[in-house]
Amino acid sequence: FQDPGSFTLGPDTLLCIGTGYYTNINLSNVDSVRWNDNVRTLNRTITVAGTYYVDIYAGKCEYTDTIIVSFDSIPVFDLGPDSVVCIGSTVTLDATHPRAIRYEWNTGQTVPIITIDTSGLYKATVYSVRCQYSDSMRLIVVDPPQLYLGPDTAICVDDSVQFTSNVTGDKYLWSTGATTPSIWASATGDYSLIVTFGPCTLYDM
């Protein structure tokens with residue numbers, strides 16, 4: 001036997017969306033149950049926010065109570081895709097969310113925005129009052145070889161000299177307009193080369 005005056009559905013509750021509140025009513029000899037949304041079962045899992053009132057008759061006693069169930073939204077954010085950058089560059093990761101109450105990075109930082117410049121996997125977890133959400137991205141930092149065309153060169157009139165990139169790159173652009181790894185030069189002047197190496201741009205003259 002439970003004193004009707006002590007019967008309770010529990011305190012008003014806030015849960016993470018996607019979960020539910022189980023009423024866990026422990027009464028015996030129940031004759032009838034009526035919830036304000038016309039559910040007739042004694043115990044139930046509430047998954048929709050709202051105010052819930054139950055009226056239970058068990059034996060000669062009536063048990064009533066009300067509970068407000070609310071749901072917190074998941075603090076979804078996006079760190080962006082994996083990224084490849086040249087050494088010396090930085091990438092800013094932003095996990096800011098308006099409902100966040102706490103931030104945790106696998107780097108140990110606890111701020112919403114961090115700046116990174118080292119290869120690795122970076123993961124952030126954002127906590128709201130009752131929910132949490134995680135996202136991650138991988139950074140690859142490329143340390144390219146040094147482009148070197150060699151020392152200044154002197155040749156005889158009517159001779160030519162070949163300049164060749166010592167770096168195998170994705171694209172080449174010489175000061176002559178050529179786009180090949182090597183060029184032949186016979187005219188006096190400065191010759192320079194720009195090589196695209198992944199995310200890096202290399203230059204020598």
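**Cysteines of the predicted model**

Taking the bonded cysteines of the chain in sequence order, the pairing is 1-3, 2-4. The model is a predicted one, in which local features need pLDDT of at least 70, side-chain atom pairs count only at pLDDT 80 or more, and totals for chains, interfaces and linings use all residues. Residues are numbered from 1 along each chain as its sequence is written, and side-chain values use heavy atoms, with hydrogens and water left out.

**View A. The disulfide of Cys16 and Cys131.** The structure holds two disulfides, a disulfide being a pair of cysteine sulfur atoms within 2.5 Å. One of them joins Cys16 to Cys131, with an S to S distance of 2.0 Å. Cys16 belongs to strand S1 (residues 13-16), while Cys131 sits in the loop between strand S11 (120-127) and strand S12 (132-142), 115 residues apart. Strands (E, at least two residues) are DSSP runs, numbered from the N terminus. The link is right-handed, with 120° about the S-S bond. Both Cys16 and Cys131 are buried, meaning under 20% relative accessible area (1.4 Å probe, protein chains only).

**View B. The disulfide of Cys86 and Cys200.** The sulfur atoms of Cys86 and Cys200 are 2.1 Å apart. Cys86 and Cys200 are both buried.

**View C. Cys61 and Cys156.** Cys61 counts as buried because its relative accessibility is 17%. Cys156 has 53% relative accessibility and therefore counts as exposed, a term for values over 50%.

Conventions. Helix = DSSP H or I, 4+ residues; strand = E, 2+ residues; numbered from the N terminus.
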